[in-house]
Amino acid sequence: MRSNRVRVLAGVLFVLIVTVATRGQQQRQPPDPAKALSNQVTAVTRNVLEMAEDFPAEKYEFKATPEVRSFREVIVHAMSGTVYAAKAGRGENVEWSELDAKNYKDKAAVVDAFKKIAADLDASLKATPPTRFAASPQPWLSVIEHTGEHYGQLVVYYRLNKMVPPASRPKK
(Lines give C-alpha, C1' and ligand atoms only; values in the text may rest on other atoms or scores of the structure.)
Protein backbone atom coordinates (compact mmCIF):
# COMPACT_ATOMS: atom_id res chain seq x y z
CA MET A 1 0.00 0.00 0.00
CA ARG A 2 2.80 2.35 0.87
CA SER A 3 4.58 1.60 -2.40
CA ASN A 4 1.37 2.40 -4.32
CA ARG A 5 1.25 5.84 -2.70
CA VAL A 6 4.88 6.40 -3.54
CA ARG A 7 4.23 5.38 -7.16
CA VAL A 8 1.17 7.66 -7.38
CA LEU A 9 3.09 10.56 -5.86
CA ALA A 10 6.04 9.88 -8.17
CA GLY A 11 3.68 9.82 -11.15
CA VAL A 12 2.01 13.07 -10.11
CA LEU A 13 5.40 14.66 -9.53
CA PHE A 14 6.59 13.48 -12.96
CA VAL A 15 3.51 14.95 -14.70
CA LEU A 16 3.97 18.20 -12.80
CA ILE A 17 7.62 18.46 -13.77
CA VAL A 18 6.87 17.73 -17.43
CA THR A 19 4.06 20.30 -17.42
CA VAL A 20 6.25 23.00 -15.89
CA ALA A 21 9.13 22.21 -18.23
CA THR A 22 6.85 22.31 -21.28
CA ARG A 23 5.37 25.64 -20.24
CA GLY A 24 8.83 27.05 -19.66
CA GLN A 25 9.86 26.07 -23.17
CA GLN A 26 6.70 27.56 -24.65
CA GLN A 27 7.25 30.84 -22.83
CA ARG A 28 10.81 31.10 -24.13
CA GLN A 29 9.77 30.99 -27.77
CA PRO A 30 10.96 34.14 -29.48
CA PRO A 31 8.26 36.41 -30.86
CA ASP A 32 7.61 36.31 -34.56
CA PRO A 33 9.68 38.79 -36.61
CA ALA A 34 6.81 41.25 -36.98
CA LYS A 35 6.24 41.38 -33.23
CA ALA A 36 9.97 41.52 -32.45
CA LEU A 37 10.60 44.43 -34.83
CA SER A 38 7.49 46.26 -33.74
CA ASN A 39 8.36 45.85 -30.05
CA GLN A 40 11.93 47.06 -30.55
CA VAL A 41 10.94 50.12 -32.58
CA THR A 42 8.34 51.01 -29.97
CA ALA A 43 10.77 50.49 -27.07
CA VAL A 44 13.59 52.62 -28.44
CA THR A 45 11.13 55.36 -29.45
CA ARG A 46 9.60 55.27 -25.97
CA ASN A 47 13.06 55.55 -24.36
CA VAL A 48 13.96 58.67 -26.35
CA LEU A 49 10.51 60.20 -25.79
CA GLU A 50 10.90 59.58 -22.06
CA MET A 51 14.23 61.43 -22.17
CA ALA A 52 12.60 64.34 -24.01
CA GLU A 53 9.95 64.55 -21.29
CA ASP A 54 12.42 64.12 -18.43
CA PHE A 55 15.38 66.35 -19.37
CA PRO A 56 15.12 69.80 -17.75
CA ALA A 57 13.80 72.53 -20.04
CA GLU A 58 16.62 74.85 -19.00
CA LYS A 59 19.15 72.32 -20.31
CA TYR A 60 17.54 71.69 -23.69
CA GLU A 61 20.25 73.73 -25.45
CA PHE A 62 23.06 71.81 -23.74
CA LYS A 63 25.78 70.55 -26.11
CA ALA A 64 28.47 68.03 -25.20
CA THR A 65 30.88 70.11 -27.28
CA PRO A 66 30.27 73.29 -29.29
CA GLU A 67 30.44 71.35 -32.59
CA VAL A 68 27.59 68.92 -31.91
CA ARG A 69 23.82 69.23 -31.77
CA SER A 70 22.09 70.43 -28.64
CA PHE A 71 19.90 68.03 -26.66
CA ARG A 72 16.84 69.59 -28.35
CA GLU A 73 18.37 69.21 -31.80
CA VAL A 74 19.27 65.54 -31.19
CA ILE A 75 15.72 64.78 -30.07
CA VAL A 76 14.28 66.47 -33.18
CA HIS A 77 16.75 64.57 -35.37
CA ALA A 78 15.68 61.27 -33.77
CA MET A 79 12.04 62.26 -34.36
CA SER A 80 12.89 62.50 -38.07
CA GLY A 81 13.63 58.78 -38.07
CA THR A 82 10.35 58.07 -36.33
CA VAL A 83 8.45 60.03 -38.99
CA TYR A 84 10.30 58.12 -41.70
CA ALA A 85 9.48 54.73 -40.10
CA ALA A 86 5.78 55.56 -39.77
CA LYS A 87 5.48 56.65 -43.40
CA ALA A 88 7.57 53.83 -44.82
CA GLY A 89 5.68 51.34 -42.68
CA ARG A 90 2.44 52.50 -44.27
CA GLY A 91 4.00 51.83 -47.66
CA GLU A 92 4.44 55.47 -48.60
CA ASN A 93 7.22 56.19 -51.06
CA VAL A 94 9.28 58.25 -48.68
CA GLU A 95 12.82 59.57 -48.54
CA TRP A 96 14.52 60.59 -45.32
CA SER A 97 13.41 64.13 -44.59
CA GLU A 98 15.08 65.97 -41.75
CA LEU A 99 12.73 67.84 -39.45
CA ASP A 100 13.94 71.38 -38.91
CA ALA A 101 14.88 71.85 -35.26
CA LYS A 102 14.13 75.57 -35.61
CA ASN A 103 10.44 74.65 -35.77
CA TYR A 104 10.63 73.15 -32.28
CA LYS A 105 11.88 76.01 -30.16
CA ASP A 106 11.53 74.60 -26.64
CA LYS A 107 10.88 71.49 -24.57
CA ALA A 108 7.10 71.84 -24.69
CA ALA A 109 7.07 72.02 -28.51
CA VAL A 110 9.47 69.08 -28.85
CA VAL A 111 7.60 66.83 -26.42
CA ASP A 112 4.19 67.67 -27.91
CA ALA A 113 5.40 66.93 -31.44
CA PHE A 114 7.23 63.77 -30.40
CA LYS A 115 4.14 62.37 -28.66
CA LYS A 116 2.12 62.84 -31.86
CA ILE A 117 4.86 61.36 -34.02
CA ALA A 118 5.23 58.36 -31.69
CA ALA A 119 1.46 57.79 -31.75
CA ASP A 120 1.55 57.90 -35.57
CA LEU A 121 4.35 55.32 -35.57
CA ASP A 122 2.37 53.12 -33.19
CA ALA A 123 -0.70 53.29 -35.46
CA SER A 124 1.45 52.51 -38.49
CA LEU A 125 3.02 49.49 -36.78
CA LYS A 126 -0.38 48.15 -35.72
CA ALA A 127 -1.74 48.54 -39.25
CA THR A 128 1.25 46.86 -40.90
CA PRO A 129 0.47 43.27 -41.89
CA PRO A 130 2.93 40.64 -40.63
CA THR A 131 3.74 39.70 -44.23
CA ARG A 132 5.21 43.17 -44.73
CA PHE A 133 7.62 42.62 -41.83
CA ALA A 134 8.47 39.16 -43.15
CA ALA A 135 9.19 40.49 -46.65
CA SER A 136 11.85 42.87 -45.34
CA PRO A 137 12.90 44.14 -41.91
CA GLN A 138 13.46 47.58 -43.43
CA PRO A 139 12.89 50.40 -42.61
CA TRP A 140 12.53 49.24 -39.02
CA LEU A 141 16.05 47.85 -38.55
CA SER A 142 17.59 51.07 -39.81
CA VAL A 143 15.36 53.20 -37.59
CA ILE A 144 16.07 51.01 -34.55
CA GLU A 145 19.80 51.42 -35.14
CA HIS A 146 19.54 55.15 -35.81
CA THR A 147 17.37 55.89 -32.78
CA GLY A 148 19.51 53.62 -30.60
CA GLU A 149 22.65 55.50 -31.60
CA HIS A 150 21.07 58.80 -30.60
CA TYR A 151 19.72 57.28 -27.40
CA GLY A 152 23.37 56.52 -26.51
CA GLN A 153 24.36 60.07 -27.40
CA LEU A 154 21.61 61.42 -25.14
CA VAL A 155 22.80 59.18 -22.30
CA VAL A 156 26.13 61.02 -22.52
CA TYR A 157 24.30 64.36 -22.32
CA TYR A 158 22.58 63.12 -19.16
CA ARG A 159 25.83 61.93 -17.60
CA LEU A 160 27.67 65.15 -18.43
CA ASN A 161 24.93 66.96 -16.52
CA LYS A 162 25.37 64.55 -13.58
CA MET A 163 21.95 63.03 -14.24
CA VAL A 164 20.81 59.43 -14.55
CA PRO A 165 18.80 58.60 -17.69
CA PRO A 166 15.27 57.38 -17.00
CA ALA A 167 15.91 53.82 -18.25
CA SER A 168 18.95 53.50 -15.95
CA ARG A 169 17.13 54.50 -12.79
CA PRO A 170 16.09 51.88 -10.27
CA LYS A 171 12.51 50.79 -10.79
CA LYS A 172 10.15 51.77 -7.98
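Accessible areas here come from the Shrake-Rupley method with a 1.4 Å probe, and for residues only the protein chains shown count as cover. This is a predicted model: local features need pLDDT of at least 70, side-chain atom pairs count only at pLDDT 80 or more, and totals for chains, interfaces and linings use all residues. Residues are numbered from 1 along each chain as its sequence is written, and side-chain values use heavy atoms, with hydrogens and water left out.

Start with the whole chain. Its accessible surface is about 10,800 Å², and 58% of that belongs to carbon and sulfur atoms. The chain has 6 helices and 0 strands (DSSP runs: helices are H or I with at least four residues, strands E with at least two, numbered from the N terminus). Of its 172 residues, 35% are buried (under 20% relative accessible area, 1.4 Å probe, protein chains only).

Now take α2 (residues 33-54) and α6. Their axes come within 10 Å and cross at roughly 30° (lines fitted to C-alpha atoms over the stretch in contact, with angles from 0 to 180 degrees between N-to-C directions). That makes α2 roughly parallel to α6 (an angle under 35 degrees). By class, their contact has 12 nonpolar, 4 polar and 1 charged residues (nonpolar: Ala, Val, Leu, Ile, Met, Phe, Trp, Tyr, Cys and Pro; charged: Asp, Glu, Lys and Arg; polar: the others, Gly among them).

Finish at Leu-154, in helix α6 (residues 140-160). Leu-154 is buried, at a relative accessible area of 0%. Beyond its neighbours within four places in sequence, Leu-154 is in contact with Val-48, Met-51, Phe-71, Val-74 and Ile-75 (heavy atoms within 4.5 Å).

Terms used:
Buried means under 20% relative accessible area, exposed over 50%, partly exposed in between (1.4 Å probe, protein chains only). Angles under 35 degrees count as roughly parallel, over 145 as roughly antiparallel, 65 to 115 as roughly perpendicular and the rest as oblique.
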